[in-house]
Amino acid sequence: MTATATATVRADCAADPAGALTFDLAAAPAPGPEAVLLLRRRGAAGTTVRLPLTSTAPGRLRAVLPPSADVPEGRWDAYVEEPGSEHPRTVLPGLRDLRALVDRTPDTGTATVRSRVPYPTLDGRLALRCWVRAPHAEGGAIRVGPSGMSAEGELYGIEAGEGAVVEARLPGGPARVHRVPLTASGQPGVGFAFTLPYAPLAGGPVTEEQLWRLWLIPSAGAKAVRISRILDDVWSREKTFVYPSRRVADGVLATPCYTAANDLCVRLVPGTA
């Protein structure tokens, strides 16, 4: 059944500074009593969250996702579920007031960082992108130089210590890792900084596109933390945050980029591409 055929519910979404999300639904016909807003995790059968719906006005219902709710990382589709109904009703996106999510700055001592961003899917449904990171390395400003990139960010739940580095890792095949030192920054609100030259990444043969993933290791022997940017209202940076490319060894093009999950990477493309 298509989204259009089941499009009988529309939800406005609003975020508050504490991280709570409020869903105000307009449904026709109105769902029966004990209906809930159902969040279903994509690709994880049986993983659901049910939020009670309460009436706020004739034809209007409200559900609240509190910041403390246990919502694992992933993409969640929204439905209205009614007792006795065989199929839940599709929810379409309405107005999204996400101003409170822009440039959020949780306390740096926060052990677990949670971020939830409502967004419209490509086929016009309402979905929720959730991240749960403990600890977390939040990417910030990126500057592209003639032969590499420099980046800053903030650490949550950890502090940088002796031997802190950033690792660029190329997954698949023989393990390839390149490390650069992590430096503390004196700028207010900036917890770490690093500079990554491109030439060492392109030192091996680049015969096809390579995606080097960036990890932060806060001290010697510590567990690596993925560098991502999740503390705002952008659910996917993959195609919206575009940085300049630089030509390195053998004509290879190197470009900072984000994945669809907002993880920071460096993309290498062969000069023949």
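Rings, loops and backbone

Colleague: Does N262 count as buried or exposed?
Modeller: N262 has a relative accessibility of 0%. The model is a predicted one, in which local features need pLDDT of at least 70 and side-chain atom pairs count only at pLDDT 80 or more, while totals for chains, interfaces and linings use all residues. Residues are numbered from 1 along each chain as its sequence is written, and side-chain values use heavy atoms, with hydrogens and water left out. Since buried means under 20% relative accessible area, exposed over 50% and partly exposed in between (1.4 Å probe, protein chains only), N262 counts as buried.

Colleague: What is the phi of D250, and where does D250 lie?
Modeller: Most residues other than glycine have a negative phi. D250 is not a glycine, yet its phi is positive at about 55°; N262, in the loop between β19 and β20 (264–269), likewise has a positive phi, of about 70°. At 75% relative accessibility D250 counts as exposed. With strands taken as DSSP E runs of at least two residues, numbered from the N terminus, D250, whose phi is about 55°, lies in the loop between β18 and β19.

Colleague: How many residues apart in sequence are the parts that the pair of Y119 and W235 ties together?
Modeller: Y119 belongs to strand β9 (residues 113–120), whereas W235 is in the loop between β17 (225–228) and β18 (246–247). Y119 is buried at 4% relative accessibility, and W235 is partly exposed at 26%. The pair therefore ties together parts whose separation in residues is 116.

Colleague: What is the arrangement of the rings of F241 and Y258?
Modeller: The centres of these two rings lie 6.2 Å apart, with the planes at 90°. F241, in the loop between β17 and β18, and Y258, in strand β19 (residues 253–258), are 17 residues apart. F241 is partly exposed at 26% relative accessibility, while Y258 is buried at 1%. Because the planes of F241 and Y258 stand at 90°, their pair is edge-to-face.

Colleague: Which residue lies over the face of F241?
Modeller: A charge sits over a ring if NZ of Lys or CZ of Arg is within 6 Å of the ring centre and within 35 degrees of the ring normal. The charged end of R169 sits in this way over the ring of W215, 4.9 Å from its centre. Over the face of F241, at 4.4 Å from the ring centre, lies R237.

How values were computed. Helices (H or I, at least four residues) and strands (E, at least two) are DSSP runs, numbered from the N terminus. Rings of Phe, Tyr and Trp (its six-membered ring) pair if their centres lie within 6.5 Å; planes under 30 degrees apart count as stacked, over 60 as edge-to-face and the rest as tilted.
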